[in-house]
Amino acid sequence: MGDHGDEPGWMLPLLLFGGFRTLVDRLHAELAQQGHPDVRPAYGFAMQAIGRDGATASELGRRLGVSKQAAGKTVDRLVELGYAERSADAADARRKLVRLTPRGYDVLARSAAVFEQLRAEWVEQLGVDGVRAVEANLRAVVPATAVRLDAASWFGP
């Protein structure tokens, strides 16, 4: 068998998920205080997938790894909350493009700033070399293809 360390194997995914969840929960608590109480993790993935150029519901579904219908429901909610809007595509009037609103860009900018702050807190606790080591070690074992926008769909509807 050999020595695989002190922790049972099942602890590693729980710790990784716990770290992810801690960062995302802290992000959403901070966003709520900054005027964005209705944002959910799936909406962040969707807004990233819409991007600067906008996307159709079909494109959004592909980028997120969900059905066009599921993407449409998420878009409905983003529109309802004022983060996105539907508009005709200038190149093809039959295509409906989903675009971010200024409120959508605002929440993405705030999210980026909060993640910087959270990383800085980890640096305070673990040291800059400790955080860089965590990141480098994860890059060594996590395939680049696993870091993508359809992560939210993996957690289910």
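Helix α1 passes helix α5 in a right-handed crossing, where right-handed means that the near helix is turned clockwise from the far one by less than a right angle. Helices here are DSSP runs of H or I with at least four residues, and strands are runs of E with at least two, numbered from the N terminus. The axes of α1 and α5 come within 10 Å and cross at roughly 130 degrees. Axes are lines fitted to C-alpha atoms over the stretch in contact, with angles from 0 to 180 degrees between N-to-C directions.

Among the α1 residues making the contact (heavy atoms within 4.5 Å) are Leu23 and Leu27, and the α5 side includes Val114 and Phe115.

This is a predicted model, in which local features need pLDDT of at least 70 and side-chain atom pairs 80 or more, while totals for chains, interfaces and linings use all residues. Residues are numbered from 1 along each chain, and side-chain values use heavy atoms, without hydrogens and water.

Now to the strands:

| Strand | Residues |
|---|---|
| β1 | residues 84–89 |
| β2 | residues 92–100 |

β1 and β2 pair in the antiparallel sense over six bridges; pairing takes at least two DSSP bridges. Alanine 84 has leucine 100 of β2 as its bridge partner, and two residues lie between the strands of this hairpin.

Leu100 also touches glycine 51, as does Tyr105. Glycine 51 lies in the loop between α2 and α3.

Definitions and conventions
Lists of a residue's contacts leave out its neighbours within four places in sequence.
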